[in-house]
Amino acid sequence: MKIGIKRINRVTITSTVVLTAGAVLASGAFASAAQAATAPPAPSIVAKGGFVMNSGTGKALYSKTADTRRSTGSTTKIMTALVVLKQKNVNLKSQVTIQKAYSDYIVSKNASSARLIVGDKVTVGQLLYGLMLPSGCDAAYALADKFGTGKTRDARVKSFIGQMNSTAKSLKLKNTNFDSFDGIGGGKNYSTPRDLTIIAREAMKNSTFRTVVKTKSTKQTVTMKNGGKRVMSWANTNKMLSSYSGAIGVKTGSGPTAKYCLVFAATRNGKTVIGTVLTSTNESTRTADAKKLMDYGFKR
């Protein structure tokens, strides 16, 4: 009798385990199906490339040809600013004298400008505003000249661009290369939506960078050649700061090859999403693309 009882118990226990496991599997399947049913549909964007991640966790939330190399336009300047801010003991109050070469460059390239005046003394901190708000290529040139090394201006600029590429390598970016300090390159200035998002995420760790890129407009007092004072007024080209709740940056870009680009970030209820759209058709579509992707990111 005892042997029989043991056999019955074993059968009963085995059956119970099988039934319990089946119930768990079934409930898991129902949960997965429920999650799939409630997940928001991925948006359709005009831009040829797009990427969004949770900035806090680094988790990818959306991807469209996110690793295809594309021209980046002035979104390149995110790396320009990052390299400056990564300088050892960088002094934001250090003054830079504006050279004629910077204004000549703007004219020759028909480039976006911070309207810097030759002979004025502008601090590094002010140049960062001139770089990121009006997207001043003259400010980018001044920073590259200041923080590159070498006996000639060309050597210093080359050195600075080398620092940009070294920083990209340190971030383990395999699809990014810079041949300019501002995005006006010689055909070898490229990145991807994923890589640019990673660069921006790294830059946003710096409090100075965060302060600059969330600023809608600023007035900066600089010192003229004669010792007098001049007020420079700069407005941010990133209209998302005024049109999207929670927007905190980061940079617009455009160009003949790049078309219209935007690296964007926003925070809501303690969650920050950050992403990039590259090669959109115009300003309105890049903005619409970015808003769709941020809306989607916050729902994920």
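Keep in mind that the model is predicted, so local features need pLDDT of at least 70, side-chain atom pairs count only at pLDDT 80 or more, and totals for chains, interfaces and linings use all residues. Numbering starts from 1 along each chain as its sequence is written, and side-chain values use heavy atoms, with hydrogens and water left out.

Let's begin with helix α2, residues 77-85. Helices here are DSSP runs of H or I with at least four residues, strands are E runs of at least two, and both are numbered from the N terminus. α2 is mostly covered, with nine of its nine residues buried (buried is under 20% relative accessible area, exposed is over 50%, and partly exposed is in between, using a 1.4 Å probe and protein chains only). Even Lys77 is on that buried list, along with Thr80.

What covers it? One partner to look at is helix α4, residues 124-132, whose axis comes within 10 Å of the α2 axis and crosses it at roughly 165°. That makes the two helices roughly antiparallel. Axes are lines fitted to C-alpha atoms, for helices over the stretch in contact, and angles run from 0 to 180 degrees between N-to-C directions. As for the labels, under 35 degrees counts as roughly parallel, over 145 as roughly antiparallel, 65 to 115 as roughly perpendicular, and the rest as oblique. From α2, Lys77, Ile78, Thr80, Ala81, Val84 and Leu85 meet Val124, Leu128, Leu131 and Met132 of α4, where contact means heavy atoms within 4.5 Å. By class, that contact has eight nonpolar, one polar and one charged residues.

Now turn to helix α6, residues 153-170, which packs against α2 at about 95° with the axes 10 Å apart. α2 and α6 are therefore roughly perpendicular. Here Met79, Thr80, Leu82, Val83 and Val84 of α2 make the contact with Phe160, Gln163, Met164, Thr167 and Ala168 of α6. Thr80 and Val84 of α2 also turn up in the contact with α4.

Next, find Gln220 in strand β7, residues 217-223. Is Gln220 buried or exposed? Gln220 is buried, at 14% relative accessible area. Its side chain makes a polar contact with the side chain of Thr218 at 2.8 Å. Leaving out residues up to four places away in sequence, Gln220 touches Gln126, Tyr129, Arg230, Val231, Met232 and Trp234.

Lys48 is worth a stop too, in the loop between α1 (2-38) and β1 (49-54). Its C-alpha atom is 6.3 Å from that of Leu278, although the two residues are 230 apart along the chain. Beyond four places in sequence, Lys48 touches Lys64, Thr65, Arg70, Leu278 and Thr279.

Thr65 brings us to the backbone. It sits in the loop between β2 (60-64) and β3 (70-71), and its phi is near 40°, a positive value in a residue other than glycine. At 39% relative accessibility, Thr65 counts as partly exposed. Lys259, in strand β10 (residues 259-268), has a positive phi of about 60° although it is not a glycine. Lys259 is partly exposed, at 41%. Finally, look at the peptide bond from Gly249 to Val250, which is cis with omega near 10°; Val250 lies in strand β9, residues 247-255.

Terms used:
Ala, Val, Leu, Ile, Met, Phe, Trp, Tyr, Cys and Pro count as nonpolar, Asp, Glu, Lys and Arg as charged, and the others, Gly among them, as polar. A polar contact is a pair of N or O atoms within 3.5 Å; within protein, one must be able to donate a hydrogen and the other to accept it, and residues adjacent in sequence count only if both atoms are side-chain atoms.
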